[in-house]
Amino acid sequence: MVWLHYSYFSEGRVPVIVTRKEVAELAGVSEATVSRVFNGVGPMKEETKQRVLEAAKTLNYHPNAIAQNFARRRSGNLGVVLPYVPKVHLFSTYFFSEILSGIGAKVKEKGYDLLLLLRSPDEESDYIDMFRSQKVDACIILGATDTPRELEQLKRLEEGGHPFCLVNQHFRGEQFNEVDADHKTGSYIAVRHLLDRGHRRVAFLNGSPQFSSSGDRLEGYRQAMREAGLLPGGMDALSPHLYYEGNYSRTSGYRAAAQIYEHRHEIDAVFAANDRMAIGLMQGLRELGWEAGRDLAVVGYDNSDAARVTDPPLTSVAVPFYEMGSLAAEKLLSRIGGDAASKGTFQVKVDTELVIRQSCGRRS
């Protein structure tokens with residue numbers, strides 16, 4: 001096989017074909033040695049490797065990427081699995097856009113390509129098909145849900161030795177590769193902030209229990225309320241007027257506003273499990289005559305760009321989603337690249353922090 005690289009003279013743009021044989025002749029080595037250098041195969045003296053690289057640089061030679069990947073038995077793609085929800089602008093949401101930006105930057109740095117795979121929530125897709133078809137060398141899964149079907153598919157991936165990583169999701173009792181945030185602590189510090197400002201009747205607007213982050217945030221909320229002596233009898237049971245559930249959309253927050261308004265005399269603060277629900281809640285309450293920061297305190301979660309421009313600006317828990325995406329890609333690519341120091345399962349949990357703005361002033 002002859003690998004070709006096409007380049008152009010600055011004047012006249014005449015195509016020049018540089019072959020592997022020419023690189024070998026200039027470096028004083030065999031063509032097979034040139035192949036081993038660019039494919040990273042077999043032992044190699046550093047001096048020989050440098051001669052080949054210098055010759056390639058002089059001739060402006062680059063091996064064909066497809067041929068390289070074929071020789072290494074790789075696709076050169078890192079897959080990212082995303083949930084497909086009709087009429088939802090997935091790529092404009094802060095959570096997904098930040099994580100994908102982090103993954104994309106790291107993939108580019110490592111010389112890989114990114115392959116996005118969309119699946120419907122009700123679609124019984126088989127993750128392992130991606131590897132059978134050799135479309136990807138590893139995959140990052142976003143939006144995984146804690147369901148029997150999902151767990152079955154992930155365990156099949158694990159048993160087959162296929163490298164994958166979950167971001168912002170974990171499964172109790174399992175040892176999958178994970179990059180997650182410390183949502184329990186993030187929730188705890190948000191509720192503690194409200195309690196420290198004198199709010200005692202703090203309601204919680206949570207997301208779907210299918211996501212581990214929802215459970216983690218509920219644990220953090222309960223811990224803060226329990227420590228303040230605000231759970232009945234010190235138990236975990238929550239009064240109905242203090243717990244509400246949405247689906248992390250702005251619309252679900254807007255709809256929750258009517259329910260919360262009905263209990264306005266029993267609530268003086270609301271902690272929402274993400275900014276989109278918090279913003280929808282603030283809009284719905286405003287239409288009913290209640291203002292965040294004046295009539296009740298509101299705290300969100302994610303510290304999205306929208307949190308800075310709401311009226312009033314939204315106090316929110318910052319989560320480093322970009323860094324989480326970058327870290328997941330880096331760790332996965334290190335493993336498929338044969339980095340001996342990167343073997344074994346990884347489970348990373350990153351810190352969160354509270355960003356205080358004007359939405360949680362005292363109730364008048």
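## A walk through the salt bridges and a helix pair

Search the whole structure and you find 11 salt bridges, a salt bridge being a side-chain nitrogen of Lys or Arg within 4 Å of a carboxyl oxygen of Asp or Glu. Before you click around: this is a predicted model, where local features need pLDDT of at least 70, side-chain atom pairs count only at pLDDT 80 or more, and totals for chains, interfaces and linings use all residues. Residues are numbered from 1 along each chain as its sequence is written, and side-chain values use heavy atoms, with hydrogens and water left out.

**Stop one: Glu 174 and Lys 155.** Select this pair and you'll see their side chains meet in a salt bridge, 3.1 Å from N to O. Glu 174 sits in the loop between β6 (164-167) and β7 (178-181) and Lys 155 in helix α7 (residues 148-159), so the pair ties together parts that are 19 residues apart in sequence. Helices (H or I, at least four residues) and strands (E, at least two) are DSSP runs, numbered from the N terminus. Glu 174 is buried at 18% relative accessible area, while Lys 155 is partly exposed at 29%. Buried means under 20% relative accessible area, exposed over 50%, and partly exposed in between (1.4 Å probe, protein chains only).

**Stop two: Arg 294 and Asp 295.** Here the salt bridge is 2.6 Å, N to O. Arg 294 is partly exposed at 44%, and Asp 295 is buried at 14%.

**Stop three: around Ser 304.** Now pick Ser 304, in the loop between β11 (297-302) and β12 (315-318). With 7% relative accessibility, Ser 304 is buried. Leaving aside residues up to four places away in sequence, Ser 304 touches Tyr 94 and Asp 275; contact means heavy atoms within 4.5 Å. Next, select Arg 308 and Asp 305, whose side chains form a salt bridge (3.2 Å, N to O).

**Stop four: a network.** Select Lys 106, Glu 109 and Glu 330 together: salt bridges link them in a network.

**Last stop: α10 and α11.** Show helix α10 (residues 250-262) and helix α11 (residues 275-287), whose axes come within 6 Å and cross at roughly 45 degrees. Axes are lines fitted to C-alpha atoms, for helices over the stretch in contact, and angles run from 0 to 180 degrees between N-to-C directions. To see who makes the contact, select residues including Tyr 254 and Ile 260 of α10, and Met 277 and Leu 281 of α11.
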